[in-house]
Amino acid sequence: MSAENKPFIEIFADGACSGNPGPGGFGAILRSEHRVKELSGCEAMTTNNRMELMGIITALEALKKPCRVRVTTDSTYVVKGMTEWIQGWIKKNWKNSQKKDVLNRDLWERLLRASETHEIEWAWIKGHNGHTENERCDELARQCIADFRNSGPR
């Protein structure tokens, strides 16, 4: 399928953690020309970086066919990971520049698999700066944490 025939999807995602580690949540928005879908989830004991990754992974895994995607996030960890660091990690057998194991390798590998069929543009935005979709994703993530505290994970 040529690029111009692939649907264009915007993904906005954010993660949050209460304590780091601690209960965490993520929120994601998928927006196409005709539809908007919100996704969220939480984990009992996690980190902020894991939740940032899970927001994007969950959104990409929700796509049913190859798409052109713009992922917008306030996570420099995710953007730099996917645009600058990951190829080096793979070449070095998942070791970072300090020759230590790459943290969150399981999620980086899952993100790579979820990305394979898509053409992805990675965009960083400053968090908590009035960006409507980023604020909504943060709200979804924090609501998951609150819901978890009240009743357990969903």
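Modeller: First, the naming: helices (H or I, at least four residues) and strands (E, at least two) are DSSP runs, numbered from the N terminus. This is a predicted model, where local features need pLDDT of at least 70, side-chain atom pairs count only at pLDDT 80 or more, and totals for chains, interfaces and linings use all residues. Residues are numbered from 1 along each chain as its sequence is written, and side-chain values use heavy atoms, with hydrogens and water left out.

Start at the loop between H2 and H3, where Trp 94 lies. Phi of Trp 94 is positive, near 60 degrees, and Trp 94 is not a glycine. Asn 93 sits in the loop between H2 and H3 too. It has a positive phi of about 55 degrees, again without being a glycine.

How exposed is each one? Asn 93 has a relative accessible area of 55%, so it is exposed. Trp 94 has a relative accessibility of 7%, so it counts as buried.

Now follow Trp 94 towards helix H3. Glu 109 is in helix H3. From Glu 109 to Trp 94 is 15 residues in sequence and 10.0 Å in space, C-alpha to C-alpha. Glu 109 counts as partly exposed because its relative accessibility is 26%.

Contact here means heavy atoms within 4.5 Å.

Next, the core. Nonpolar side chains in soluble globular proteins tend to be buried together. A nonpolar core is a set of buried Ala, Val, Leu, Ile, Met, Phe, Trp, Tyr and Cys residues joined through side-chain atoms within 4.5 Å. The largest one has 31 residues, and Ile 11, Trp 108 and Leu 111 have the most contacts inside it. S1, S2, helix H1 (48–62), strand S4 (68–73), H2 and helix H3 (105–115) each give this core two or more residues. H1 supplies the largest share, seven residues.

Then look for empty space. Rolling a probe the size of a water molecule over the atoms shows where it is left. The search uses a 1 Å grid over the protein atoms alone and a 1.4 Å probe: a cavity is a set of points where the probe fits but cannot get out, and a pocket is an open set with protein on both sides within 12 Å along at least five of seven lines. Lining residues have an atom within 4 Å of a point. Grid points are joined across faces, edges and corners, and a volume is the space filled by probe spheres set on the points.

The second largest pocket holds about 250 Å³ of space. It is lined by 14 residues, and Trp 85, Trp 89, Asn 96, Val 102 and Leu 103 are the closest to its centre. For the make-up, Ala, Val, Leu, Ile, Met, Phe, Trp, Tyr, Cys and Pro count as nonpolar, Asp, Glu, Lys and Arg as charged, and the others, Gly among them, as polar. The lining has six nonpolar, six polar and two charged residues.

The largest pocket holds about 330 Å³. Among its 13 lining residues, Ile 9, Leu 30, Arg 35, Ala 62 and Leu 63 lie nearest the centre. Strand S2 (22–31) and strand S3 (36–46) each supply at least two lining residues. Seven are nonpolar, one is polar and five are charged.

End with a pair elsewhere. Asp 14, in strand S1, counts as buried because its relative accessibility is 1%. Asn 134, in helix H4 (residues 132–151), counts as buried at 3%. Asn 134 touches Asp 14 and Asp 74, among others. Asp 14 is also in contact with Asp 74.

Key: Buried means under 20% relative accessible area, exposed over 50%, partly exposed in between (1.4 Å probe, protein chains only). Lists of a residue's contacts leave out its neighbours within four places in sequence.
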